[in-house]
Amino acid sequence: MARVLSAVGLDCERDDRHLFRDLSFDVASGEILHLTGPNGSGKTTLLRRLVGISSVVDGDVSWFPDSPERTAEPCEKIWYIAHRPAVTLLQSPLENMAYALALHGIQVPESVVWDALETVGLRGFEDVPSHQLSAGQQRRVALARLYLPLEPDRVRAWVLDEPLTALDIEAVDRLKVRIIDYARAGGSVIMTSHHGLDSETVRTLELGAAL
Amino acid sequence: MWQAFVRWFHKWSSPKWFYTMSQPWSFWLGWAATLIIASALVWGLMFAPVERLQGNSYRIIFIHVPSAFLSQAIYAAIAVLGLVGLVWKMKLAFFVAKQCIPVGASMALLALVTGAIWGKPTWGTWWEWDARLTSMLVLLLLYFGLWALHNAMERPESGDRAAAILALVGVVNLPIIKFSVEWWNTLHQPATLKFTEAPPMHPSMLIPFLMAIVGFYLASMAWVLMRTRLEILQRERKSRWVEDELNRFAEGQ
Amino acid sequence: MTFLPLLKSVFRREMQLAYRRRSDLANPLLFFLIVVVLFPLGVTPDMTKLADMAPGVLWVGALLANLLSLDLLFRSDYEDGSLEQMLLASLPPTSLVLCKVWVHWLVTGLPLTIMAPLLSIMLGLPGNALPLLMLTLALGTLSLSLIGSIGAALTVGLQKGGLLLTLLIMPLFVPVIIFGTGAVQAQVAGLPWQAHLAMLAAMTTGSLALSPLLTVAALRIAVGD
């Protein structure tokens, strides 16, 4: 299967401590890579390196290594939902979505955005300033973009940092199903979470143990 | 040829290699600088003839002018080293650039102080908004900014890169600052307070003057080398060879 | 999808945010007012002396006011994580930075420029110098927003970046102050002022070309840390 991501010889040292050393792995399309490990084992740092915004990790990362679009900066080809979910508190969920889509160069009819917000349970909150929402609801604003019905080759991978925190049980289950569906449709997911995921396509990579 | 250059470049960009090789260099540079500066000052302050217009007070140029030269040259060097560091991701260039800052700032400060001391007999006042003094003051502020930025950053690696960017902005701006200050100065200053153009120097003044400049260059290099060696030890403290080196020191004591 | 409509929606977002933070926007204007009021109290109420100093006082006041507001340029985006997304966007990050700087000028530099004539009356600046004062202030504040965005990006990751930002940016700003005040003073004195204005415009153009690149480089350092 075609590789979506190839990481070679990743090495991270923070505050005189090696978080991981000579870490190499591939992610194929349709695969879910579940990063586990105790707090402070470098999961977030690793994800940030993968999407190309961290300067504290040495080593090589290339996206789509087998195709002519090989790049180190996947930009609009991936959704990266960080620990800080990039939800601007002065803006409503709808405006936040519109901005995220504009940054990604994606244009969809507004009704599709409304549907996505409804799916994550923000119906009735579309126009409320985000600072009036609860922590879990703010999280959902960021996650709503994952429910957009985009072409499979438009966004080819999701990089999710603790997507399941602050969500209620129902929302956790819904997101797990969504992640597995996305992988089944050929997308790749790289995520950190303390929850388990049940699917035959999940591969686990444990940090902070092998040293 | 190119291959040889690349190999040479790689060798010198290794902090360990640099640390080992620079030891005799800092020693000999330091001694050469001391000797040259000492003889230039003795010659310049005691034996060079008295200047026709300014009398003995001109003798401060043997310190003032070299330090002013160096303060500008070092800023340019910081910008070049920063660019090298950013483009080739060369740690050593950043180390040297960082340790150039206090040296350059001291030179700027020395130039300002000697300028003020020179101003007292020449202009009758300690400070005059003279074009050269003003741009030297701005340069000193630029140095302070670089140092403050280094100290504010939590990770030294980020401080290196941030300061390199700031130095690049500064070096683009520096000629514009000098030009603008000169322009401003000609508009605001009565002509009588300006330095007259220096007359062609007599060899008995020129030789110690040139010696002083060379001496200041060598002294700055030696100083930067010594500071860089300490910086290397501090930043590479986790590596094996630094541990060995420090143990060697401890045993030698 | 083309570039411009996307940039338009980014611009709309920035304007919206500026509008929703409008109480922050009043602060630089009040600061400007207070500096100009304090000046005659501290120096002299003599209108002829004040008129001599007016261009300089107005310029320095406007620049400090503009500089104080620059600290917030990237801060909230850094804190909520939007900045990371901007650096990962399909749009060139330099265009996003330019957009932010442009909005900053629209909501800070432009109001300061518009306010300047009012304050210049209080300092007794001759009325014929007003158009030039406003033109130089408009160019000068734009150039400060551009150069200052580099400083704001360098200090965005720091807890107390505001004062450091001033230390980093002010020395770089010496030429702009000289040419800006010089133009106004020259006109008041009946001297040719066109050369000053041309230099000021050149400085602004130069910073327009260079500063977005350096700002993005600095933002990458702040985010990558």
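Helices here are DSSP runs of H or I at least four residues long, and strands are E runs of at least two, both numbered from the N terminus. Keep in mind that this is a predicted model.

With that in hand, start with chain C. Read from one end of the sequence to the other, chain C goes α-α-α-α-α-α-α-α-α-α. That's 10 helices and zero strands. How compact is chain C for its 225 residues? Its radius of gyration is 18 Å, close to the 17 Å from the globule rule, so chain C is as compact as a globular protein of that length. Some 54% of the residues in chain C count as buried. And if you take the contacts in chain C with a separation of 6 or more, 81% of them link residues 24 or more positions apart.

Now hop over to chain B and look at a pair of helices. Helix 3 (residues 61-88) of chain B and helix 7 (residues 203-235) of chain B have axes that come within 9 Å and cross at roughly 45°. Because of that angle, helix 3 of chain B is oblique to helix 7 of chain B. The crossing is right-handed.

Who does the touching? On the helix 3 side of chain B you'll find, among others, Ile61(B), Phe62(B), Pro66(B) and Ser67(B), while helix 7 of chain B brings residues including Phe209(B), Ala212(B), Tyr217(B) and Ser220(B). Sorted by class, this contact has 12 nonpolar, two polar and no charged residues.

Note on methods:
Residues are numbered from 1 along each chain as its sequence is written. Chains are lettered from A and ligands numbered from 1 in the order in which they are written. This is a predicted model: local features need pLDDT of at least 70, side-chain atom pairs count only at pLDDT 80 or more; totals for chains, interfaces and linings use all residues. Axes are lines fitted to C-alpha atoms, for helices over the stretch in contact, and angles run from 0 to 180 degrees between N-to-C directions. Angles under 35 degrees count as roughly parallel, over 145 as roughly antiparallel, 65 to 115 as roughly perpendicular and the rest as oblique. A crossing is left-handed if the near helix is turned anticlockwise from the far one by less than a right angle, and right-handed if clockwise. Two residues are in contact if their C-beta atoms, placed from the backbone, lie within 7 Å. Ala, Val, Leu, Ile, Met, Phe, Trp, Tyr, Cys and Pro count as nonpolar, Asp, Glu, Lys and Arg as charged, and the others, Gly among them, as polar. The radius of gyration is taken over C-alpha atoms; the globule rule is 2.2 Å times the number of residues to the power 0.38. A residue is buried if 20 or more other C-beta atoms lie within 10 Å of its own, exposed if 12 or fewer, and partly exposed in between; C-beta atoms are placed from the backbone.
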